[in-house]
Number of protein chains: 4
Amino acid sequence: PDSFFLIAGPCVVEGEALVMGVAEKVSGICKNLGIPYVFKSSYKKANRTSIDSFTGIGDLNALQLLKQVKETYHIPVVSDIHAHEEAALAAEYVDMLQIPAFLSRQTDLLEAAARTGKTVNIKKGQFLSGPSMKFAADKVKHAGNEKVILTERGNTFGYQDLVVDFRNIPWMKEHGVPVVMDCTHSLQQPNQTSGVTGGNPELIGTIAKAAIATGADGLFIETHPNPAIAKSDGANMLKLDYLEPLLEQLVKIREAIIST
Amino acid sequence: PDSFFLIAGPCVVEGEALVMGVAEKVSGICKNLGIPYVFKSSYKKANRTSIDSFTGIGDLNALQLLKQVKETYHIPVVSDIHAHEEAALAAEYVDMLQIPAFLSRQTDLLEAAARTGKTVNIKKGQFLSGPSMKFAADKVKHAGNEKVILTERGNTFGYQDLVVDFRNIPWMKEHGVPVVMDCTHSLQQPNQTSGVTGGNPELIGTIAKAAIATGADGLFIETHPNPAIAKSDGANMLKLDYLEPLLEQLVKIREAIIST
Amino acid sequence: PDSFFLIAGPCVVEGEALVMGVAEKVSGICKNLGIPYVFKSSYKKANRTSIDSFTGIGDLNALQLLKQVKETYHIPVVSDIHAHEEAALAAEYVDMLQIPAFLSRQTDLLEAAARTGKTVNIKKGQFLSGPSMKFAADKVKHAGNEKVILTERGNTFGYQDLVVDFRNIPWMKEHGVPVVMDCTHSLQQPNQTSGVTGGNPELIGTIAKAAIATGADGLFIETHPNPAIAKSDGANMLKLDYLEPLLEQLVKIREAIIST
Amino acid sequence: PDSFFLIAGPCVVEGEALVMGVAEKVSGICKNLGIPYVFKSSYKKANRTSIDSFTGIGDLNALQLLKQVKETYHIPVVSDIHAHEEAALAAEYVDMLQIPAFLSRQTDLLEAAARTGKTVNIKKGQFLSGPSMKFAADKVKHAGNEKVILTERGNTFGYQDLVVDFRNIPWMKEHGVPVVMDCTHSLQQPNQTSGVTGGNPELIGTIAKAAIATGADGLFIETHPNPAIAKSDGANMLKLDYLEPLLEQLVKIREAIIST
């Protein structure tokens with residue numbers, strides 16, 4: 001395909017105004033640039049570091065808002081699930097199910113996601129290599145679902161840092177599935193003593209450009225009109241105003257890549 | 001307490017002869033040496049690398065065998081759970097619930113384990129620091145259960161190796177809970193191209209001795225009469241014949257530690 | 001500047017035919033593509049893993065050949081030095097002195113290189129961060145030489161692997177000096193039991209494209225007509241025939257980057 | 001041998017009162033405990049992070065003070081060298097030459113140290129594995145000197161932390177040489193933005209106990225009466241008052257180890 005695709009949206013469904021606002025803005029930008037767009041937002045958060053963190057507005061409320069995004073803007077939507085019994089319900093509302101990195105080896109979860117028939121986007125564990133993600137992809141395929149995407153999101157690099165190993169882009173493409181770079185969570189600074197994961201959002205462009213240059217098929221970018229007040233992952237989301245100029249530059253890099 | 005405690009047994013419940021045989025042998029050794037003993041074996045395996053791996057003999061069969069061990073040898077038993085809905089059932093059979101390392105931040109799972117009232121042994125994620133395990137322990141405590149154990153099992157060190165950071169022993173003891181060293185899984189060699197995790201079992205003694213010397217309250221050691229034919233983790237289990245001489249040496253190191 | 005620059009050549013000066021052949025070929029390619037070119041080859045090798053490895057054809061012979069390259073093809077040449085007393089001699093023959101990664105904090109060496117007045121290209125230690133390379137660059141500047149280049153060459157990632165952290169490109173550019181990506185040594189596989197460092201040369205393009213996309217000012221690529229018979233670093237050198245098509249693609253990515 | 005040996009002293013020769021005071025105190029403690037003692041202090045510092053750091057009181061002054069320690073207290077002394085031409089001079093004053101970790105692969109340096117006939121203590125590079133240190137030891141042996149010691153000092157673990165891998169104790173003992181644990185530098189926190197390496201001195205006992213328990217032949221501990229005012233490595237030196245109780249405990253662990 002000529003363009004890369006974009007999975008983007010606010011980290012978690014905070015409310016209607018936010019999700020509809022972001023969806024309208026980003027779908028407009030992507031239409032102009034010819035970028036296929038999938039709206040992403042989590043309908044619940046189950047694996048926050050600290051028990052005091054925000055976990056959502058209620059599952060059905062959030063899923064209903066995702067459906068509203070889908071129907072209003074005619075774009076596919078994706079959300080993540082954390083337990084096998086969530087798969088069937090989520091699949092009634094969304095087009096793609098995302099498997100969190102920590103859970104990327106949980107057979108029950110992968111199989112339940114697979115059986116919905118929806119596309120399954122598996123985040124690569126921070127402790128896993130690109131080549132070993134073949135085994136995760138195969139768990140979905142063996143359950144009868146060939147629609148698998150693998151997403152790089154950085155590797156453990158000491159306790160409080162992640163590093164993106166771009167060798168994983170070509171290595172995971174060898175598994176015969178689209179490969180996405182998560183430009184948001186790969187910049188996390190985990191294990192902070194505060195219990196709140198930190199970040200380096202000024203480097204989102206660096207990660208995104210390297211990903212497109214090395215052949216990534218898609219990008220995952222969490223974005224928010226005002227990350228400073230976001231209820232989750234504010235430390236790493238891209239300010240919405242910065243998205244369009246970044247995508248314009250990425251489109252040019254993509255053109256350079258596919259022209260040769 | 002004067003002695004450390006031991007959590008030991010075959011990785012997975014393969015059948016009656018195996019679990020009863022190991023329980024008899026190890027409980028005898030531990031009685032002689034004055035070591036409190038908890039029998040460990042998994043009643044199912046949900047997160048194997050490859051979908052072709054052995055996952056168990058059936059949940060109820062395996063849980064029933066764990067109960068038989070408990071009643072025959074008058075020792076507590078522990079098994080691991082992988083989803084919140086497994087907690088209540090497993091708790092009918094075992095005395096301690098173990099949370100796998102990959103799942104050590106899953107709030108639903110930790111809370112479900114906590115609500116059973118059983119002791120909850122949380123393995124430290126390969127991507128987590130000892131200090132950050134406070135947040136995992138607190139999820140159990142906030143659910144009303146103070147019986148928490150934290151277990152070190154090594155940290156990601158490149159793709160195909162783990163390293164044990166013994167600083168985590170004193171760091172996790174600061175959380176006010178017993179700290180265990182998993183001498184088996186901390187020697188894993190993950191992400192092998194074969195899809196089968198490798199190991200270094202000749203170093204079990206090295207890890208165990210350093211753990212006792214640095215103040216670990218307990219040790220976790222998977223053991224099997226013949227690791228070469230074990231159905232899971234054969235690459236890292238201690239041959240049962242080697243357990244007694246190792247424990248004798250560890251008892252002496254423990255005495256050196258507590259005498260000062 | 002519009003183009004990135006290229007530092008390239010065979011790892012070590014093996015003999016006249018090799019260095020002159022590579023210099024002619026690469027200088028021709030670079031002239032066509034408008035890429036400033038610096039010929040690189042080591043006149044001796046002092047830090048091989050094993051004492052049995054090839055270390056050179058004699059210092060003066062090798063330096064003389066570097067001068068011949070410079071005068072024949074009218075291109076600057078660079079070689080690495082390993083001890084402060086080598087600086088003055090090498091500077092009589094070459095235009096740029098390169099400081100090996102392991103030695104990037106050796107004050108005596110950096111100051112001796114600085115005092116020659118030649119450009120000093122400091123490789124980032126595998127154990128150092130991009131931000132901390134400011135201190136290495138400052139050692140050269142404080143000795144009165146502002147002509148400093150910093151080169152990323154990968155970070156320790158477990159014992160037998162390196163990972164390139166592309167955040168170091170923008171981080172090192174903040175030090176106000178040109179930043180180069182070493183696409184050869186960053187793919188090394190160190191600590192092999194054979195005593196011979198391994199590699200992944202099929203990924204040279206991946207590293208190079210990501211570097212240009214993230215703003216690197218230059219690339220360092222060791223190349224050889226037949227890496228399989230090279231006397232050093234054969235595991236990672238680019239086959240000379242592959243250089244031109246790679247550079248053509250990199251020029252297009254560079255144009256995409258600077259056009260926005 | 002029954003006891004482990006101790007290499008200890010202040011990081012750098014700051015002046016006569018300091019080195020003589022530490023030597024008197026530590027040699028007395030070690031005599032009482034039956035621990036062979038080697039006095040350590042650096043006569044110069046060549047690889048400080050920042051050019052503004054203290055580098056010494058003058059080479060000959062410092063070497064003369066080391067000789068005074070040796071003759072007054074009848075103990076061997078050790079210092080580190082950073083370039084091959086320093087070996088012969090230093091060897092006139094000290095009994096053991098130490099090779100810094102960053103320089104542990106520099107053939108010229110290892111050979112020059114070997115040719116003095118003094119014991120050569122090679123620190124393991126933060127980027128090297130224990131097995132690969134065989135190649136460094138062999139460079140000394142091939143130069144005709146069998147008196148080699150290998151010292152573990154931690155491995156790169158992200159940018160700002162080191163981790164000690166105790167597997168390296170048995171792995172390096174396989175090379176047939178005494179193995180030492182450096183309890184000081186293995187607790188460094190490198191790459192701090194201040195340009196001053198940080199530390200965790202409260203964990204010195206943790207590292208030392210694990211080292212003795214896993215079979216280390218010797219310990220390296222930098223100590224100072226008042227680390228807060230030390231001119232180098234203050235962040236990691238053990239306060240001199242804490243040394244005796246620590247050694248007493250280590251002697252007991254050693255007895256537990258060798259009794260079986």
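Guide: In this predicted model, the side chains of B:Lys70 and B:Asp95 come together in a salt bridge, with a distance of 2.5 Å from N to O. B:Lys70 belongs to helix H2 (residues 59–73) of chain B, and B:Asp95 to the loop between helix H3 (87–91) and strand S4 (96–99) of chain B, so the contact ties together parts that are 25 residues apart in sequence.

In chain C, the side chains of C:Lys70 and C:Asp95 form a salt bridge at 2.5 Å, N to O. C:Lys70 is placed in helix H2 (residues 59–73) of chain C and C:Asp95 in the loop between helix H3 (87–91) and strand S4 (96–99) of chain C, so this pair too ties together parts 25 residues apart in sequence. C:Lys70 counts as partly exposed at 26% relative accessibility, and C:Asp95 counts as partly exposed at 22%. In chain D, the closest N and O atoms of D:Asp95 and D:Lys70 are 2.5 Å apart, and the two residues form a salt bridge. This pair links distant parts of the chain, with D:Asp95 in the loop between helix H3 (87–91) and strand S4 (96–99) of chain D and D:Lys70 in helix H2 of chain D, 25 residues apart. D:Lys70 has a relative accessibility of 27% and counts as partly exposed.

Over all chains, the count comes to 48 salt bridges. Elsewhere, A:Lys25, A:Lys239 and A:Asp241 are linked in a network of such bridges. Helix H4 (residues 107–115) of chain A contains A:Ala113, which is buried, with a relative accessible area of 0%. The C-alpha atom of A:Ala113 is separated by 7.1 Å from that of A:His84, although the two residues are 29 apart along the chain.

The relation between the chains can also be stated. Chain A is superposed on chain B by a rotation of 180° with 0.0 Å of shift along its axis, at an RMSD of 0.0 Å. This is the relation of a two-fold axis. Within chain A, the C-alpha nearest that axis belongs to A:Phe102, at 2.8 Å. A rotation of 180° with 0.0 Å of shift along its axis likewise superposes chain B on chain D, with an RMSD of 0.0 Å.

Two backbone features of chain D complete the description. D:His74, in the loop between helix H2 (59–73) and strand S3 (77–80) of chain D, has a positive phi near 55° while being a residue other than glycine. D:His74 counts as exposed, at 69% relative accessibility. D:Asn191 has a positive phi of about 55° although it is not a glycine, and its place is the loop between strand S9 (179–182) and helix H7 (204–213) of chain D. D:Asn191 counts as buried, at 9% relative accessibility.

Definitions and conventions. Residues numbered from 1 in each chain as written. Chains lettered and ligands numbered in written order. Predicted model: local features only at pLDDT ≥ 70, side-chain atom pairs only at ≥ 80, totals over all residues. Heavy atoms only, no water. Least-squares fit on C-alpha atoms with pLDDT ≥ 70 in both. Helix = DSSP H or I, 4+ residues; strand = E, 2+ residues; numbered from the N terminus. Buried < 20%, exposed > 50% of the residue type's maximum accessible area, 1.4 Å probe, protein only. Salt bridge = Lys/Arg side-chain N within 4 Å of Asp/Glu carboxyl O.
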